[in-house]
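Visitor: Hi! Could you walk me through how some helices pack in this one?
Guide: Happy to, let's take a look together.

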Amino acid sequence: MKTFHKKKSLFLYGMGGMGVNMLNLVIGSYLCDAVMTAGFDKNIEYWTYANKTLVTAIVWSVMITIAKIIDAVIDIPLASFADRLGTKWGKRRPALLMGLIPMMLAFVAFLNPISGEAESLANTIWLGVFLMLFYVFYTLTMGTYYATFSEVTDNEKDRVLLSNYKTVFDIVYFLLGYGLIPLMISPVHLNIRVIGYIFLPLALTMLIPIFMIKEGSTLKKDIGKEGSGEKGVNILKAIKYCFTNKSFMIWMAIYALLQFGLQMFIAGENVYYSNGAMGFDGWKITLVMAAVFVPIPFTLLLYNKIVRKAGIQSGFVFSLLAFGIAMAIMGVCNSNIIANDTLRLVLAIIGGLTASFGIGCFFSISYTIPSHLADLQKKETGDSNPSMYFAVQGLFSGIATAISTGVVWVNLKEHYTWALPIIVLCATTVTLWLSFLLPKKINSVGLESHDAADGEKADNYALDTEEKSAENIGEAQKQETAVDSDTLQSVSADKNTR
């Protein structure tokens, strides 16, 4: 597959997943709630599809649960499919199209219930089925896209840079989703279904990687030919590669705990800011949210500088320390501890700014490490299955997120909202301790001296190859000359005999 080295190309490639992720945010954070009126106090006619409950609550909760389970377990078989797909156009572009088009159609179907009746079972089944289909094809699209990170880059520096660009666009869609959509509801007064249609075309950003990828045929008859794609690995072997990779399993233990705390903070911060804990409303919440997310593209610059000078482990430790300090500040910003609203707001903004130094790294590193380990495996074994590394990471992340947001946070937010930053701080502290267990092959990722050493090794390898080739050619020429000399002597002897 063609690799990219120019910053412009890596920037464009990092943009590819933004629109698809935006649709996932819209459907998960807004549309699933919008088919019911429960939980809305103001502007109900805009927050909901039709200002009434269109589904039966009990069955709808079951359908959502099934969809989430499918979303968690489907990663592995789809990863194997994407890694082994054989077509004359390669495996990545067809897999991206197979995911993107049905995903967008499922999103449109979800925006259009088949009945206008309240508490309709038909609507419940219709919406539930298309929610499941959306998650299946979303997983295929994004899993394939993430897998290409180790294929469109051939060195650690570019891989880290691509991960950082992807993180910047992650923050863009977060800001669009959690900052712009509430404003579109009020004061603009757009209905949530209209908003869904507005963001639908954004998914076409995935066409960027589809057009940028240059890949040969992956048909069995073409494997091994010049310009052809790579042969995939069967699902059992791919899973074995991941679960027997000690470095990856250490990272999974760290990543699962990281996601436990991070996802609880993201899911609960809005409630924490507005509930009895901080007691903010309106523009105050907006200021704190902006402090958390807006600076991330700039805080990534410092993170990158640390990584280049000291390696990815040092950058990760720095980010965990910053995030832990932020959670401690957020814990103090409780109306029962600090009564003055202005002081509490200032401290909360400081806490948000500090948290941004951690969140940017957490997004970026989740793309960098699986890509790096997949690339190492390919170099060591010749087998390529990067999709499976992201699938297994998604599985661990899904389990951790389900526990933190679906079990712990649900039981906290009614009476114990104040405990949110404390629990996240505890999870972050343990993650920090575990981060020192990261193996050397991960710690050195992004290190300038390591990149230089890799480049020197590659240059030496190329020189050795050229020298050996020259020696072989010279030896062949000597042998050829010797053969010709022997032949001439034989002919001369034959003439003398005659």
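**Helix packing**

Guide: Helix α16 (residues 341-381) packs with helix α17 (residues 386-412) at an angle of about 140°, and their axes are 9 Å apart. This is a predicted model, where local features need pLDDT of at least 70, side-chain atom pairs count only at pLDDT 80 or more, and totals for chains, interfaces and linings use all residues. Residues are numbered from 1 along each chain as its sequence is written, and side-chain values use heavy atoms, leaving out hydrogens and water.

Visitor: What counts as a helix or an axis here?
Guide: Helices are DSSP runs (H or I, at least four residues), numbered from the N terminus. Axes are lines fitted to C-alpha atoms, for helices over the stretch in contact, and angles run from 0 to 180 degrees between N-to-C directions.

Visitor: Which residues of α16 and α17 make the contact?
Guide: From α16 they are S366, Y367, P370, S371, L373, A374 and Q377, and from α17 P386, Y389, F390 and Q393. Contact means heavy atoms within 4.5 Å.

Visitor: And by class, how many are nonpolar, polar or charged?
Guide: Seven are nonpolar, four polar and none charged. Nonpolar means Ala, Val, Leu, Ile, Met, Phe, Trp, Tyr, Cys and Pro; charged means Asp, Glu, Lys and Arg; the others, Gly among them, are polar.

Visitor: New topic: at what angle do α1 and α8 cross?
Guide: Helix α1 (residues 7-15) and helix α8 (residues 156-185) cross at roughly 45°, with axes that come within 8 Å.

Visitor: What residues of α1 and α8 make the contact?
Guide: K7, L10, F11, Y13, G14 and M15 of α1 meet D158, L161, L162, Y165, K166 and F169 of α8. They divide into eight nonpolar, one polar and three charged.

Terms used
Helix = DSSP H or I, 4+ residues; strand = E, 2+ residues; numbered from the N terminus.
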